[in-house]
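Here are my notes on the model you sent. They are set out as numbered points.

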Amino acid sequence: MISGSAYAKIWKEARTYALAPDQVASPLAARPYDLRHAAVSLWLNAGVHAPEAAERAGHGVDVMLRVYAKCMTRNAT
């Protein structure tokens with residue numbers, strides 16, 4: 001097991017290797033969860049159906065509908 005604080009420290013350091021300096025200074029991928037959120041938003045904007053996106057992300061469909069409703073509303077037009 002890795003503690004949350006150790007994981008956060010490693011994530012912060014990894015960002016300095018993976019991102020340009022201006023990106024490191026930005027909130028881009030500040031937390032690992034941010035990448036998951038971005039992926040789910042991308043899937044929904046690309047037209048992936050909510051149940052499939054929910055399964056990929058490990059969410060329930062109810063969570064998907066509540067958290068990502070804005071993405072799905074834009075997709076409806």
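Over which ring does the charged end of arginine 56 sit?

1. The charged end of arginine 56 lies over the ring of tryptophan 43, at 5.0 Å from the ring centre. A charge counts as over a ring if NZ of Lys or CZ of Arg is within 6 Å of the ring centre and within 35 degrees of the ring normal.

2. This is a predicted model: local features need pLDDT of at least 70, side-chain atom pairs count only at pLDDT 80 or more, and totals for chains, interfaces and linings use all residues. Residues are numbered from 1 along each chain as its sequence is written, and side-chain values use heavy atoms, leaving out hydrogens and water.

3. The largest nonpolar core has nine residues: Val40, Leu44, Val48, Ala50, Ala53, Ala54, Ala57, Met64 and Tyr68. Such a core is a set of buried Ala, Val, Leu, Ile, Met, Phe, Trp, Tyr and Cys residues joined through side-chain atoms within 4.5 Å; buried means under 20% relative accessible area, with a 1.4 Å probe and protein chains only. H3 (32–45) and H4 (50–57) each supply at least two of its residues, and H4 gives the largest share, four. Helices are DSSP runs (H or I, at least four residues), numbered from the N terminus.

4. Leaving aside residues up to four places away in sequence, alanine 53 touches Trp43, Leu44, Val48 and Met64 (contact: heavy atoms within 4.5 Å).

5. In H3, Asp34, Val40, Ser41 and Leu44 are buried. They are on the same side of H3, because they cover an arc of only 130° around the axis, taken from the directions from the helix axis to the C-beta atoms. Just after H3, glycine 47 has a positive phi of about 100°.

Methods
Buried < 20%, exposed > 50% of the residue type's maximum accessible area, 1.4 Å probe, protein only.
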